[in-house]
Amino acid sequence: MNARGWLDAVLPGQVRLTARGVGLGLTGIALATVGVGLGSADLTRLGLLGPLVVVAGTAWLVVVDPARGRHPLQVVRTIVPNPVAAGSPASVRVEIRAGSPGGRTRLAELHLGEQAATQVSGGLTLRARVVRAPGLIALTYPIQPTRRGRWPLGPLVVRRTDPFGVAQSRATLGEQAEVAVWPEVVELPLPRGALVGEPDRVALGARSPSTDDAALRDYREGDDLRRVHWASSARRGELLVRSDERAGLRPASVLLDLPADRAGIEWTVALGASMGLALLGAGHPVRLLGGRPGAGGAHIDPTLRLRHLRGGAAGTARVDLLDLTVDLEPATTELAVEEDLLAAAHELTAPGSGSALVFAVVGPLSAAARGSLARVGDFNDSLAVVRVPTSAGVPRREAEHTLAALRRAGWRACAATPGEDLADCWHRLLGTSR
């Protein structure tokens, strides 16, 4: 171990000597040694002065360490907005407060740095505007997340140099904060009549449907009790609710088959989320199926994804739908991915599933998955965007087989290349013009 390494090893915590401190300490030790050898008390005292300065500077840093003491500094981090959509700007404000005179001493002459995930900072150094006031330092800086997910900000890194310039300390303050990033969605128009089926045409004609005409389905937790059809429920012995299919508000499911590549995942989630928002905006209750919540979404109730989100005066359905997309990831194996897709298809064909419209974004499917989705078309009005690779090969042929199989089963399906404009895919799927 060299001299500097030895000196750093004996120093407390995050305190390290500067080049000046190392030179002063070693020079002083050398002078003191020579002084002892020559029997010169003055030279010995002069030599000891250097190490004493190093010790004093180090002790001063330990005393004013911002993370120590009875009244440590407090850090508050605020992110607005949070969540934020990928590609959209947000602002972060970090306040470091001192609640006592001792804390204000620790606050003085700090050099501050913020840590952030590269998905938030773009790999660039964060540039903050710093405002200092008695007992307070406030940093404000912009971020523009580049990818969907949950990304950490912080903790704050603080550096300080002692008055003699012989030592530096480095410490972290506060806890990590988390910024949730929604996918980058686009507003997709839903032209009037684009999804009108036979039941809707009756409703839009001369007569209004009676309560008994309304399609009924099994009650699901979270359904509005005002929609319960009590007469039918009494006859059947279990709760049934009106699905309002004849009112043009047919419940819809958006099914996502997530690929393995990151770019394809983000494009698929963005398209599916945009579809869901378009349907919500038109008044359709919507749910999102497919994929699995990643580690950040482990706290989400699995049954929540089986419920249809309904727009209301509070407008929370849009936020709830986007929140469900933050942590979506594919399963880790191809077999598990297929199992997820088959489970979603089973949900869509189960009695009382509650969906009359199905929108899917899928890739090349196996024969079993194609068969399951073909049955979905027997129960629902179904539309699908099929990801078709640009390069020739087995995946492209499988995607073309998937497209043809869905069309034969009655799906309205179109091909799309991952990465292409979402609005173009949407209009091609609906058969409308931009």
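View 1. At 17% relative accessibility, Arg370 counts as buried, because buried means under 20% relative accessible area; the model shown here, as in every view below, is a predicted one. Arg370 forms a salt bridge with Glu398, and the closest N and O atoms of the two are 3.3 Å apart. This pair links distant parts of the chain, since Arg370 belongs to helix H11 and Glu398 to helix H12, 28 residues apart. Glu398 is partly exposed, with a relative accessible area of 29%.

**View 2. The salt bridge between Arg148 and Glu266.** The side chains of these residues, Arg148 and Glu266, meet with an N to O distance of 2.9 Å. Arg148 lies in the loop between strand E7 and strand E8, while Glu266 lies in helix H8, so the pair ties together parts that are 118 residues apart in sequence. Arg148 is buried at 3% relative accessible area, and Glu266 is buried too, at 16%. Both residues also belong to a network of salt bridges that includes Arg262 and Glu329.

**View 3. The largest nonpolar core.** Among the 41 residues of this core, Trp267, Met275, Phe359 and Val385 touch the most other members. Helix H8 and strand E17 are among the elements that each supply at least two residues of the core, and H8 gives the most, with 11 residues.

**View 4. A nonpolar patch on the surface.** Leu31, Leu46 and Leu49 form this patch, which has about 260 Å² of accessible area together. Leu31 is found in helix H2.

Definitions and conventions:
Residues numbered from 1 in each chain as written. Predicted model: local features only at pLDDT ≥ 70, side-chain atom pairs only at ≥ 80, totals over all residues. Heavy atoms only, no water. Core = buried A, V, L, I, M, F, W, Y, C linked by side-chain atoms within 4.5 Å. Buried < 20%, exposed > 50% of the residue type's maximum accessible area, 1.4 Å probe, protein only. Helix = DSSP H or I, 4+ residues; strand = E, 2+ residues; numbered from the N terminus. Patch = residues over 30% accessible without salt bridge, like charges linked within 9 Å, V, L, I, M, F, W, Y side chains within 5 Å. Areas by Shrake-Rupley, 256 points an atom, 1.4 Å probe, with all protein chains shown as cover. Salt bridge = Lys/Arg side-chain N within 4 Å of Asp/Glu carboxyl O.
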